[in-house]
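Student: I would like a close look at one part of this model, namely how the chains meet one another, and then a word on how the rest of the fold relates to that. Please take me through it in one connected account.

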Amino acid sequence: MTTATTVQKRPAVARLSGTNIILGVLGLLTVIGGAAAIYRLVTGLGASTSLTDGYPWGIWIGFDFALIAFSGAAFTMAATVYILQRESYRPAMRPAILFGLLGYVAVLVLLVLDLGRWDRFWSFFVNWNVHSPLFEISWCIVLYSTVLVVEASPQLFERLGKERPVRWVYRIVIGLVIAAVTLSSLHQSTLGTLYLNMPYRLHPLWYSPILSLLFFVSSVMAGLAVTLLIYPIAARIVGKEVDNGINSGLARAIGWVALVYTALKLGDIAVAGELPLLFAFDRYSLLMWLELGVGCILPMIILLAPKLRAQRRWQVIGALLILFGVLMNRFNATLFAQFAREGASYTPNLVEWLSTMGVLSAAALAWYFGIRFLSIFDSDAHAKFHH
Amino acid sequence: MTKAMLIDTTRCIGCRGCQAACKQWHDLPGETTHNTGSYQNPPWISGKTRTVVTFNELEQEGALTWTFAKRQCMHCEHPGCASACTVGALRKTSDGPVVYDAAKCIGCRYCQYACPFDIPAYEWDEVLGLIGKCDFCVDRQGEGMEPACVKACPTEAITYGERDQLLAEAHRRIVADPTGYVDHVYGEHEVGGTSMLYLAGVPFASLGFPVLRNEPVSAYTEAVMRQTPTIALTVAAGASALYWIIKRRQMNMVLAEPVAAAPSIDQAAEKPEEVES
Amino acid sequence: MTNHWIDLRNSDVILIMGANPAENHPISFRWVMAAKDRGGIVIHVDPRYTRTSTQADIYASLRSGTDIAFLGGLIKYILDNELYQEEYVIDYTNASYLVNPEYTFEAGIFSGFQPDKASYDKSTWWYQMGEDGIQFMDRTLQDPDCVFQLMRQHYARYDLETVSNITGTPVEDLLKVYTAMGSTGRPDRVATIMYAMGWTQHTHGTQNIRAATIIQSLLGNMGMAGGGINALRGESNVQGSTDHGLLFHILPGYLAAPRAKFQALADYIDANTPKCSDPLSANWWQNFNKYAVSLLKAMYGDNATADNEFGYGWLPKLADSGNYSWLTFWPNIINGTIKGLLAWGQNPAVSSTNANWVRDSMDKLEWLVTVNLWDTESSSFWQRPGVDPAAIQTEVFMLPCAASVEKEGSISNSGRWVQWRYKAVEPPGEAEADGWIVNQLMLRLRQLYAADPGPNPDPILKLAWNYGEGEVDPHQVAKEINGWAVQDVKDAEGKVVVAAGQQVKNFTQLQADGSTACACWVYSGSYNEDGNMMARRDNVDTHPQELGLFSNWAWSWPMNRRIIYNRASVTMAGEPIDPKRALITWNAAEKKWEGDVPDGGWPPGERLPFIMRRGGRARLLGPSMADGPFPEHYEPWESPVFNPLHPQETNPALWDLEKDAKGATHAFPLVGTTYRVSEHWQTGAMTRNLPWLAEMQPDMFVEMSPQLAAERGIANGEWVIVESARGAIKAVAMVTPRFQPFIIHGETIHEVGLPYHWGYIGLVTGGSANELTPPVGDANTMIPETKAFLCNVRKSTNGTEEV
């Protein structure tokens, strides 16, 4: 019987007080956010948020939708490793899967906070509406989270030295990944479909018949960008060396996906005859320039330039800009590019900010400790259990 | 046949008996309001106010007009809210009303986004809030009675009956008084037609009625959603195919690699894993 | 109303002036809509474009207080263009009567003015009488002394330009209105006039209505289906309250309250019985004695006998020139004459003009009883903002009373329809019906007087008070109101017409010898041996032309007559003036009238139609008015402009109590007026306590034109201060094009409007418009002039200024 894997030596870098400060802040935000969340549940939406009939959704939904896109890291990396069978990317996969899992947990918590009848969140299990994008998204997220849990379970079981569950997971891993890719394609794209029900509310620069496709492509883009950011961080946390080939490979992939996205988006605007709107230089066109220009075209250029994408600094800038663009896209579609009723305005209040920060902080903390204490980069363990 | 209401704003005197009757029938509380420079109060539909009469001072060919428009759920023939509702709590009945099953609702408020008329309203001041909107007095209709607002109206600005008959009456009125009416029955075709039909003497847009196309709000969404099984199968099949193709190619590549000085039997036995990588 | 609500649908033209019925009578407004559906034309004349104006075919604005100028212009237009119905005018009005040649009108004053008394000696307004007691007439209407010519001369000054300069109404709008109204002088077209407080609440209010009478009489619209003059009453049963004598100067049935100088019943009766020698005149008030005696018999029962003048001596008498109207209460409370006040179903702290003065007066009361459904500003006057309750010694009793659906009884609407109502629910808590409260008060008073009689116990103890110890039976009261035979009533041949103890059929059976008792003669016939006529609910339109009479639905006074003066709808030969509106038709074979109950059953030509007038004819010249026989334009007591017609600015006989409370134009340059909104009712005691209504109209507001708002830098929706010489209140500014400035003699005059429903008690509260209104009243009725006064509007300091 094998003993638990040898504990990695903690290099000095992990004890830097900078990390502890960050962890401390995250912990504080988690606690405060938890209090804010409880306040919200106890007092109701009207008493605790700035949401109104003019703006029924706010930063919770905005961050939810963005986080779902970001959590595309899990299915994109799993697909890369298992479907496309690019083994060299394996080290980046587990941090991505863990990120995805915790991301979806955070999404579910934020969603519970947002639901008016959170006590009945299970209603969609028994009450079906197959026309509703949100219905499909809800089911897919629940099913996909289950898949993610199974996909991530070896990280725990390997650490605990439980061989049987790990083998069992690896026996079905292809099926899991195919399920993951299928479920992800569905709900990532349906998040775009969701906006198709708002033909008069959503500004025409965003409203498009190919919204579903655009949202799916951007989730791939975001997922790869997240991975590009977090893989080296994960490596640093456990003191493992970073494979720059992974980084530059991811960077190039992001660049190409961003090119596809840009082509689709600009092409769609042009075909719809909306180019004049893009150059109207009103608030909406400026938002689109920010989202597409700064948040997609600029990083695309950076990441497609071989000399730039080889450098870590430009990789980070490029990935952050992509994530900024996807975040902007979700917030624009949900809030800034909506034609709300006259006189309506929305400024998220303290409860909304604190609870959001708390949930995200908790997820970040969990990811940090997961990276530290679970089996993430342990190739010995992996080699042992994977056959 | 589906029931409908015809609201002829040229006959409305803005008395708001309808607004009060709706509150009384549904036992809804009054809201705290303030006069912001208009008779219109509460300012719009809310979780506790299911119908509102809007007050519109407009100039029509140099003359002042004051038009009152009762607004409430339009009970669309193809309601966007029902299509969008996550749990199917909203449903168009064959009799006309779009009904809301509060027992199913999870308060996600997606219906608020899917309604082009800005109607479903949320009970923000409840700890566990639900959506509120006009239910076309479906309980009264079930007993063979007209909706409360219809009964309260003193000038028959609101009439109730079969949709096709009300449409015929609406067009008859326009023909009988072409200068008194705008030649349009609002709700006849908008977003696929609604059970609430309107006549007016001033342009509907000036009364705050949204300008809408004839196709239902959710027509395209439902077309996309219908592809869900196809997409799922396609992606699964495609991913599987991709996996097998790449796997076979990699296996072939491994098999095609020249076998360098064949290792001794012993050497080969020491590294079984390499074959698998 | 001379006519009734449903009859409105029969009108070709409806003039709505001094009223806003879509706003304040929305349910009944359906009959105006019905008239429109049949092609009728609706005219709305109002300083402000209101909810009624939205349904009007013609809207004309006018400055508050200038209605007589407007209507005088219409009279001139009708006369100049010969639009009057000549046969009708000659036969049925006093147009042909010759007037005392000493009658004059100069510099705004009629002959006979007594400046020291601010009143008129009216003797020069009377007709030239022949020795047979009948007035001289010129049926050719040419004699310069005839009413027709005097009237023409009087209104010659009211040309279009002059009228437009006074009212601010553009000339083309005047012409639209005049043309439409003038078109109904033809026999086959009829107009009706709807009015309310916008006409009555002026120092010349009664003359506003007189002007309408002249117009409708000239056009031949009185007594016609779809015609008449229709007053829109403001409370559901205020018609009933005036019918039953709740005003100081009348007893039930509009019998004059006796003055001190009439110590003998015979003198009282004689003074109040008009004498007329004209055999064509029914002069129905000649039956005054029967009604007065029957009332006394009802009041004092067996105690009333022929020997004691039927108890006439026990009736309180008014001082000869005593005026006990509303405005006189408050000085008399202050000087201690009045020690206690019962505010029964009313809220004087908000409803009264010059409300601050009223509230301050109430501080001096020894005791106050309020009977109401709610706590009101009056019952809580002692804790109103700005006073120290400890400094007020008044003992306040609040008696909770039942609402209208919590008790049984009748309600009389504007159309004189008396409709029986039933009790739907029990009153809550300790609330009791008014009848119970009155009964308990009286029982205890009688006990006190019996125990300690004092100098004059008979008026209390001799009353026939037989309502039991608990709930008062409304049927018993209704029967008493109808009247019954105390002894057998016999006809001339000695045949018993009404047996003792039986209800009389109607007032034609009432007697002056004490054999009958009747508590209100105009209601006689409402509950007779045929049963409770007021409870009938047969909704068949009984008239063959479906004129909307519904004669078997409830009961209308008098005699279930739906349209009064309806003998004017036929010629003296008995032919309907408009065959399409044959309200009454003479069945020669059966020798009776068919259709509506005729205003007197005499065959055609035997009597003139206006049977309540001494002479039987409608009065174009009105010789008994306090302030002149012809309506004349006088400016409101507080006015921003001079009267261009003559130096007599205001009504010389107006009722003026507080001469130093008048505001000057330089401080208060705006015309102010008050009105109501659909959502609130009266002082808001009920409606501001109901959440569904409070949410619709939560705040006190003031409506003003965009031009005035721009001048003052006021934005729509911001709080402003409205002030007059008598007070200041906060209000939300509602800037609206429905108010437009008036051009008066080339000067721009602004008018603002205030709903009067708010006070300091209720779910929603606010300033009371009546804190600003003036303490002056109409010359005839003393009704306060709350519809036209001077005020100012300014921005509130930081939006938070309190007043």
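Tutor: In this predicted model, the side chains of A:Arg341 and B:Asp118 meet in a salt bridge, with 3.0 Å from N to O. The count between chain B and chain A is two salt bridges, and the interface of these chains also holds 31 residue pairs in polar contact, with both residues of a pair at pLDDT 80 or more. On the side of chain B that touches chain A, the elements that give two or more residues are α2 (80–84), α3 (110–114), β6 (121–122), α7 (219–225) and α8 (228–256) of chain B. The largest share of that side, 12 residues, comes from α8(B).

The contact takes 55 residues from chain B and 57 residues from chain A, and the area buried between chain B and chain A is about 4,800 Å², of which carbon and sulfur atoms give 58%.

On the side of chain B that touches chain C, α1 (17–26), β2 (52–60) and β3 (63–71) of chain B each supply at least two residues. Here 34 residues of chain B are in contact with 35 residues of chain C, and the two chains bury about 2,800 Å² between them, 55% of it on carbon and sulfur atoms.

How do chains A and C stand to each other? Chain A and chain C do not touch, and their nearest C-alpha atoms are 15 Å apart. Of the two pairs of chains that touch, chains A and B have the most contacts.

Salt bridges are also found within a chain, and over all chains the count comes to 44 by this rule. One of them joins the side chains of B:Lys3 and B:Glu162, at 2.6 Å from N to O. This pair links distant parts of the chain, since B:Lys3 lies in strand β1 (residues 3–8) of chain B and B:Glu162 in strand β8 (residues 158–162) of chain B, 159 residues apart. Side chains of opposite charge can pair when their charged atoms come close.

Helix α11 (residues 244–271) of chain A has 28 residues, which at 1.5 Å a residue should span 40 Å, and because its end C-alpha atoms are 40 Å apart, the two values agree. At the start of α11(A), a side-chain oxygen of A:Asp243 reaches to within 2.8 Å of the backbone nitrogen of A:Gly245, while after the helix comes A:Gly273, whose phi is positive, near 70°.

In chain C, three strands make an open sheet in the order β12-β13-β14, with parallel pairing. The edges are taken by β12 (340–344) and β14 (395–400) of chain C, each with a single partner strand, so one side of each has no neighbour in the sheet. From one strand to the next the twist averages 10°. Five bridges join β12(C) to the parallel strand β13 (residues 367–372) of chain C, and C:Ala343 stands opposite C:Thr370 in β13(C). Helix α16 (residues 434–451) of chain C lies across β12, β13 and β14 of chain C, running at about 160° to β12(C).

A further open sheet of chain C has three strands in the order β15-β16-β23, and its pairing is antiparallel. Its edge strands are β15 (409–412) and β23 (555–556) of chain C, and because each has a single partner strand, one side of each is left without a neighbour in the sheet. Strand β16 (residues 417–421) of chain C pairs with β23(C) over two bridges, where C:Val418 stands opposite C:Trp555.

Key. Residues numbered from 1 in each chain as written. Chains lettered and ligands numbered in written order. Heavy atoms only, no water. Pairing = 2+ DSSP bridges. Helix = DSSP H or I, 4+ residues; strand = E, 2+ residues; numbered from the N terminus. Axes fitted to C-alpha atoms, helices over the stretch in contact; angles between N-to-C directions. Contact = heavy atoms within 4.5 Å. Expected span 1.5 Å × (residues − 1). Polar contact = N/O pair within 3.5 Å; in protein donor to acceptor, adjacent residues only side chain to side chain. Buried area = accessible area lost by both parts, 1.4 Å probe. Salt bridge = Lys/Arg side-chain N within 4 Å of Asp/Glu carboxyl O.
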